[in-house]
Amino acid sequence: MSKDVLVINERVQGENPDLTFELIGKAKEIAGILGGSVGVVVIGDLSGTEAFGAADRIYTVEHDALTSGYSSQVWEEAVLAVVESVQPKLILFGTGTIGIDLAGSIAKRVGGPIASYVIDLAVEGDDVVATSQLYGGKLLAESVLEGDTVVASVIAGSFPSEAGKSGGSPEVVSVSAPSSLGSLSLIPGSVKEPDKTGVDITTSDLLVSVGRGVGSQANIEMLQELADAFKVPLSASRPVIDQGWLPKPHQVGKSGKKVKPKVYLAFGISGAPEHLEGMRSSEMIIACNTDPKAPIFEVAHYGTTLDLFDLVPEILEKLEA
Amino acid sequence: MKVRRIEKGGALKIVVGMRQLADLVEELEVADSGVDIDRDFVKFVSNEWDEAALEEALLIKEAVGGEVVVIALDEPDVDQTLYSAIAKGADRAVKIVGVEEGWTPTRLRAQLLSKWLKSEGDWDAFLTGVQAADDLDGQLAGLIGATLGVPHAAVVSKAEPEGSSLRITQELGGGTLSESVATGKVVLGIQAGRQAPRYAPITRIRQAMSTSTIETFDAQEIDLGPGPKVRKIYPPQSKGQATMLDGDPVEVAEKIVELIRAKGLVR
Ligand SMILES: Cc1cc2nc3c(=O)[nH]c(=O)nc-3n(C[C@H](O)[C@H](O)[C@H](O)COP(=O)(O)OP(=O)(O)OC[C@H]3O[C@@H](n4cnc5c(N)ncnc54)[C@H](O)[C@@H]3O)c2cc1C
């Protein structure tokens with residue numbers, strides 16, 4: 001078993017996610033303590049690997065099945081091939097689709113423990129200690145990961161990405177493709193870029209944003225009026241979109257748009273990590289939520305626990321005055 | 001009970017794994033043990049993503065026929081969830097009994113459900129929620145897939161039948177979608193169904209309670225395998241970042257408009 005830290009780059013196409021650099025930065029710190037090195041696993045599209053200069057090694061797997069699209073089965077077999085060859089002490093996934101998809105199954109297959117929703121990592125003797133966010137950020141859990149190989153799936157925004165961006169010229173190691181890639185039952189197909197039509201919430205200096213606390217589609221009307229009064233678009237959390245109350249382009253967050261307005265007004269949004277990922281770097285966040293313990297207040301600059309149905313009409317009144 | 005074998009071409013037997021979870025709207029307190037939440041006073045509700053998985057399974061059944069079986073571990077108020085699944089259109093409900101109360105690790109869920117799936121044998125797809133807010137030791141779909149040696153996919157927003165296969169759409173983040181085709185048994189972690197979960201009127205749930213029975217399956221001895229050793233659970237140290245705006249709605253509205261005006265975003 002090695003003392004190496006392996007970072008899985010969650011990229012099927014497009015740019016390398018910032019999260020990979022966050023993970024590389026943390027991996028360097030941990031590998032430094034353990035006395036191991038840092039490897040980045042790059043699967044599929046091998047362009048853009050020069051960005052990983054901060055790592056010691058880049059591991060690639062090449063196979064026809066990896067040239068286009070994404071299938072968890074294909075990625076799992078490829079990642080496992082690298083893991084088996086490197087035998088790392090720690091494997092870092094981001095809690096993105098690929099992390100949610102593969103971190104657990106890889107841990108199961110290597111027989112090591114996994115911690116999900118990790119926001120901090122430390123080393124204690126031979127063990128890795130993980131701090132995780134549970135219950136949508138309402139509680140934290142500190143757990144010890146013991147074993148030759150342990151796995152952590154890290155929430156975006158937990159570590160600075162700068163430390164993972166420094167230059168260098170890592171060795172590129174090509175790991176031979178596992179034969180399992182020849183017999184697939186989950187066949188990769190096409191990848192579709194996001195729909196660019198509809199409202200653009202990313203360019204507005206002010207956003208009025210609505211969450212599930214609004215309760216019903218009919219109640220959205222009041223928030224729409226507020227957005228109209230400010231002459232800005234109405235944005236929303238994911239459940240509002242999944243309920244069909246607003247179309248997808250309005251969604252803020254991990255699986256929606258990243259926004260950075262001067263002011264983000266959040267009504268009835270709890271502040272789950274996946275939502276925060278899309279808006280936490282707004283210049284000023286003002287949150288209205290009846291639950292004083294809602295995690296949104298951890299990132300908000302100003303807050304109120306008033307009922308949105310009492311507050312919104314008064315803001316409208318003020319604007320009309 | 002004899003299992004009806006589905007012979008109709010294209011018909012699929014879908015199993016939906018559901019579970020109860022502390023209602024996140026409630027105040028969650030840490031138990032005296034320091035390593036779990038206090039379960040005595042919290043309300044338990046069905047995991048929202050499992051409801052999306054059930055909806056997707058019902059849509060598949062409506063399209064090609066077949067059977068939807070819901071299965072859950074015996075947890076507080078789980079009968080309500082299972083009967084309401086039947087009221088929405090599930091054909092059978094199974095409860096795994098004999099599990100210790102408390103915080104059930106996901107890998108224990110995965111192994112118990114895998115035992116049942118193995119004994120049942122003739123299912124085509126297992127659908128469950130993409131995640132649950134307490135699944136510290138990994139998400140269920142991947143763990144079941146790895147336990148059974150069946151391919152899996154998570155963050156799925158569509159599972160559409162196509163002949164005897166399922167065309168699967170996964171969200172890769174930021175709105176990018178990826179498609180793959182499952183030609184055999186598959187395990188899916190559902191992020192959202194093609195439509196919002198349907199509603200089961202209380203009369204239908206009552207009817208389900210009086211006309212159907214929940215089958216039971218005995219939990220078996222399990223080798224749990226390595227997992228995170230939880231040292232403590234605690235509320236996040238409030239960074240006290242948010243300045244709370246005091247006053248009645250009129251006063252707070254005034255302060256908010258003032259803050260926005262100071263940024264030059266309103267006259
Ligand atoms: C892979 C993945 C990707 C995801 N991507 C995204 C994403 O891109 N964007 C996203 O938003 N989520 C995303 N999620 C979902 C995320 O986990 C949360 O479920 C979601 O953000 C919760 O939305 P919410 O805050 O509107 O609802 P809830 O968490 O239900 O919060 C509603 C809030 O409203 C408050 N409230 C209720 N009534 C009132 C009232 N009258 N006045 C004021 N406040 C009130 C409540 O106190 C509560 O805090 C994703 C999840 C997964 C697994």
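## Ligand site

A nitrogen atom of the ligand lies 2.7 Å from a polar backbone atom of A:Val252. In this predicted model, the ligand is placed between chains A and B. It is surrounded by 32 residues, and the closest of these are A:Ser237, A:Ser255, A:Ser270, A:Glu274 and A:Asn289.

A backbone N or O atom of A:Arg212 is found 2.8 Å from a ligand oxygen atom. For A:His275, an N or O atom of the side chain is 2.8 Å from an oxygen atom of the ligand.

## Interface between chains A and B

The size of an interface is often expressed as the accessible area that is lost when the parts come together. Between chain B and chain A, the buried area is about 7200 Å², and carbon and sulfur atoms contribute 59% of that area. The contact involves 86 residues of chain A and 85 residues of chain B.

Polar pairing across this interface comprises 37 residue pairs in polar contact, with both residues at pLDDT 80 or more. On the side of chain B that touches chain A, the elements giving two or more residues are strand E2 (20-22), helix H4 (140-148), strand E7 (152-162), strand E8 (165-173), strand E9 (176-182), strand E12 (229-234), strand E13 (243-244) and helix H6 (249-262) of chain B. H6(B) supplies the largest share of that side, with nine residues. By residue class, the side of chain B that touches chain A consists of 46 nonpolar, 23 polar and 16 charged residues.

## Strand pairing across the interface

Strand pairing also links the two chains: strand E10 (residues 186-192) of chain A and E9(B) are antiparallel and are paired over five bridges. Within this pairing, A:Pro188 has B:Ser180 in E9(B) as its bridge partner.

## Salt bridges

Side chains of opposite charge can pair when their charged atoms come close. Over all chains, the count is 40 salt bridges, and nine salt bridges are counted between chain B and chain A. One salt bridge joins the side chains of A:Arg238 and B:Glu171, with an N to O distance of 2.7 Å.

Within chain A, A:Asp205 and A:Lys262 form a salt bridge in which the closest N and O atoms are 3.7 Å apart. This pair connects distant parts of the chain, 57 residues apart: A:Asp205 belongs to the loop between E10 and strand E11 (206-210) of chain A, whereas A:Lys262 belongs to the loop between helix H5 (238-242) and strand E13 (263-267) of chain A.

## Strand E5 of chain A and its partners

Strand E5 (residues 114-124) of chain A runs parallel to strand E8 (residues 150-154) of chain A, to which three bridges join it. In this pairing, A:Ala115 has A:Ala152 of E8(A) as its bridge partner.

E5(A) also pairs with strand E6 (residues 127-134) of chain A, here in the antiparallel sense and over six bridges. A:Val123 stands opposite A:Val128 of E6(A). The hairpin of E5(A) and E6(A) has two residues between its strands, and A:Gly125 in this hairpin adopts a positive phi near 60 degrees.

Terms used: Residues are numbered from 1 along each chain as its sequence is written. Chains are lettered from A and ligands numbered from 1 in the order in which they are written. This is a predicted model: local features need pLDDT of at least 70, side-chain atom pairs count only at pLDDT 80 or more; totals for chains, interfaces and linings use all residues. Side-chain values use heavy atoms; hydrogens and water are left out. Contact means heavy atoms within 4.5 Å. Buried area is the accessible area (1.4 Å probe) that two parts lose on being put together, summed over both. A salt bridge is a side-chain nitrogen of Lys or Arg within 4 Å of a carboxyl oxygen of Asp or Glu. A polar contact is a pair of N or O atoms within 3.5 Å; within protein, one must be able to donate a hydrogen and the other to accept it, and residues adjacent in sequence count only if both atoms are side-chain atoms. Helices (H or I, at least four residues) and strands (E, at least two) are DSSP runs, numbered from the N terminus. Ala, Val, Leu, Ile, Met, Phe, Trp, Tyr, Cys and Pro count as nonpolar, Asp, Glu, Lys and Arg as charged, and the others, Gly among them, as polar. Two strands pair if DSSP finds at least two bridges between them. A residue is near a molecule or strand if one of its heavy atoms lies within 4 Å of it.
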